[in-house]
Amino acid sequence: MLRIGLTGGMGAGKSTVARTLVDRGAVLIDSDVIAREVVAPGTEGLAALVDAFGADILAADGSLDRPALAVKAFADDESRARLNGITHPLVGKRTAELLAAAAPDAIVVQDIPLLVENGLAPFMNLVLVVDAAVRTRIRRLVEFRNVSEADARSRIAAQATDEQRRAVADVLLDNNGPAGQVENAVHRLWDERLVPFEANVRSGTVVRPELKVVEHDPEWAAQAQRLIARLRAACGAAARGVDHIGSTAVPGLPAKDVIDIQVSVADMAVADGLRATLAAAGFPLIPGHTHDTPRTAARDSSAAGTRHWEKRVHGSADPGRPAYVHLRAAGSPGQIFAPAFRDWLRADRAACDEYTEVKREGEAKAAGLTGDAATAAYLAVKEPWFDAVYPRVMAHIEAT
């Protein structure tokens, strides 16, 4: 099962996107619908709201008068927190029931208006944000939902900002354009990313990036932060640290378009215990990648020495964002070296230029090859250089 978080500001067009996804076969869990169910007449939710806000939030027939509740609940932060404290646990319980009922191969879309505000983005395999300019959203609310302009502005101001939503967006769907434009984008997304992503998660397939060195992408840092948040949520207390490492973590450095993340754990038993959890989060294990290559200064062929360089590698199942997740024991040579190498490159522009030349040479050696053969040719150039610079990196650690 693939869990997709869908959000956007009021009037942005989430309903249009949700409807298109359902037409393609998605299972929709609509938080607004659930929020109405849990405060229907006769429910514990409605009784709790009356206790908190007064009987004047009820209509003549005993149902919830939502506009009357909104006037009170959106009056200040304390009132809004009281409302959320009543409804969110009930919505969460019902959501869990619907998730449990979904088929193993389902693409579940969770339409959550307050996904950002409630910190739910890291618990999704992918987050879609529907984006539209504030003036466009206000116009839609006034024209199509009969909301006053003042009320529309007040509600929009009470939600997350556009910048906060964009920060969690794996996919930003621009809904400022003409009718049909966003639907076309959703169809492409479904065919090219969501369906393959779900199949990869179910089969444990890792997306292997093209072995091509490209110019540094300023978006890599933000993409890494979203992966880090997802990995922290998946690993919980088992992760002693989650860090962006590798070339994409060094500003200005050309790299292959793959994000490398290090998860530091107590030992490899803990790493192995995370296998199923990481796979469900969209990061299946890559079999056979169990050790780093020891660097010259720490090369040790003994069993104990080999164990010190042990690791596990998981990879992203998302066709839209290749990534490798390296699990290493905290305090082991490999765990220490990875961020140290990153920091050395960040601090030394000449080292970056040197490394770029090595990358380009490796890329040239791998040209015309595919799969493991291409990777082996590329690493055959890089690994000797790593051995050579190991003392320089460790010296940088000692100096800082």
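1. Which residues line the largest cavity? The lining consists of N125, L126, D170, F197, L227, R230, A281, G282, F283, S316, D318 and R321. A cavity is, on a 1 Å grid over the protein atoms alone, a set of points where a 1.4 Å probe fits but cannot get out, and lining residues have an atom within 4 Å of a point.

2. This is a predicted model, in which local features need pLDDT of at least 70 and side-chain atom pairs count only at pLDDT 80 or more, while totals for chains, interfaces and linings use all residues. Residues are numbered from 1 along each chain as its sequence is written, and side-chain values use heavy atoms, with hydrogens and water left out.

3. The structure holds two cavities of 30 Å³ or more. The largest cavity contains about 60 Å³ of space, where a volume is the space filled by probe spheres set on the points, and grid points are joined across faces, edges and corners. Its lining comprises five nonpolar, three polar and four charged residues. In this scheme Ala, Val, Leu, Ile, Met, Phe, Trp, Tyr, Cys and Pro count as nonpolar, Asp, Glu, Lys and Arg as charged, and the others, Gly among them, as polar.

4. The second largest cavity has a volume of about 40 Å³. Among the residues that line this cavity are G9, A12, R137 and D162. Strand β4 (126-131) and helix α8 (162-168) each supply at least two residues of the lining; helices (H or I, at least four residues) and strands (E, at least two) are DSSP runs, numbered from the N terminus. By class, this lining has four nonpolar, one polar and five charged residues.

5. A pocket, in contrast to a cavity, is an open set with protein on both sides within 12 Å along at least five of seven lines. The second largest pocket holds about 1,300 Å³ of space. It is lined by 49 residues, of which K256, Y324, H326, L379 and K382 lie nearest its centre. Elements that give two or more residues to this lining include β10 (311-315), β11 (323-329) and α16 (371-399). The greatest contribution comes from α16, with ten residues. The lining has 21 nonpolar, 14 polar and 14 charged residues.

6. A final point concerns cysteines. With a disulfide taken as a pair of cysteine sulfur atoms within 2.5 Å, the count is zero. C235, at 6% relative accessibility, counts as buried, a term that means under 20% relative accessible area (1.4 Å probe, protein chains only). C352 is also buried, with a relative accessible area of 0%.

Conventions:
Buried < 20%, exposed > 50% of the residue type's maximum accessible area, 1.4 Å probe, protein only.
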